[in-house]
Amino acid sequence: MRDYATITWHHNDFSLRYMMHYTGGMKFTDGSSDLSCKAYVYCKVPGIFSHDVTVSYRLNRWNFDGGVNNILDKKPPFVPDGGTNTALAMYSDEIIGRYVFLQAGVQF
């Protein structure tokens, strides 16, 4: 399960956006039933949260954005898969770690 919540504050040409992502945990199975945590070291993965902040400014037709994704540098949980040691389809946002971005755009 993946979900997110966003809140945005606007004031004149400025805006501030906060986004929280949630990726649900999972239990490992043997194909027919859940693995027992008493018998296996890797039996489940917890759910995780990550947080992003974006600041925007609008100047005439131009839009300027800057922000930080994965502010707390949340790492993806260990999922034994033999390749990347995590589930890329579920935790792709956390693979990169924290990063800063800047962008500019113009409306025609």
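# Talking through a predicted fold

Tutor: Let's start with the chain as a whole: of its 108 residues, 25% are buried. Buried means under 20% relative accessible area, exposed means over 50%, and partly exposed is in between, with a 1.4 Å probe and protein chains only. Keep in mind that this is a predicted model, where local features need pLDDT of at least 70, side-chain atom pairs count only at pLDDT 80 or more, and totals for chains, interfaces and linings use all residues. Residues are numbered from 1 along each chain as its sequence is written, and side-chain values use heavy atoms, leaving out hydrogens and water.

Student: Okay, so what makes N70 count as buried?

Tutor: Its relative accessibility is 4%, and the cut-off for buried is under 20%, so N70 counts as buried. N70 sits in the loop between β6 (62-69) and α1 (88-95). Leaving aside residues up to four places away in sequence, N70 touches S50, H51, D52, D93, E94, G97 and R98; a contact here means heavy atoms within 4.5 Å.

Student: What are the helices and strands in this chain?

Tutor: There is 1 helix and there are 7 strands, in the pattern β-β-β-β-β-β-α-β along the sequence. These are DSSP runs numbered from the N terminus: helices are H or I with at least four residues, strands are E with at least two.

Student: How do the strands form a sheet, and in what order?

Tutor: 5 strands make an open sheet, ordered β1-β2-β5-β6-β7, with antiparallel pairing. The edge strands are β1 (2-11) and β7 (99-106), each pairing on one side only.

Student: How do you know that β5 and β6 pair?

Tutor: Two strands pair if DSSP finds at least two bridges between them. For β5 and β6, which run antiparallel, there are 7 bridges, so the pair meets that rule. One example is V55, whose bridge partner in β6 is G66.

Student: Why are F14 and Y57 called a tilted pair?

Tutor: The structure holds 3 aromatic pairs. In this one, the ring centres are 4.7 Å apart and the planes stand at 45 degrees, so the pair is tilted. The rule takes rings of Phe, Tyr and Trp (its six-membered ring) with centres within 6.5 Å; planes under 30 degrees apart are stacked, over 60 edge-to-face, and the rest tilted. F14 is in strand β2 (residues 14-23) and Y57 in strand β5 (residues 48-59), so the pair ties together parts that are 43 residues apart in sequence.

Student: What makes Y22 and F49 a tilted pair?

Tutor: Their ring centres are 4.8 Å apart and their planes are at 45 degrees, so this pair is tilted. Y22 lies in strand β2 and F49 in strand β5, so parts 27 residues apart in sequence are tied together. Y22 is partly exposed at 25%, and F49 is partly exposed at 42%.

Student: Which residues form the largest nonpolar core, and why is it called that?

Tutor: The largest nonpolar core has 7 residues: F28, L35, C43, V45, I48, V79 and Y91. It gets the name because a nonpolar core is a set of buried Ala, Val, Leu, Ile, Met, Phe, Trp, Tyr and Cys residues joined through side-chain atoms within 4.5 Å. The contacts of I48 include Y91 and P77.
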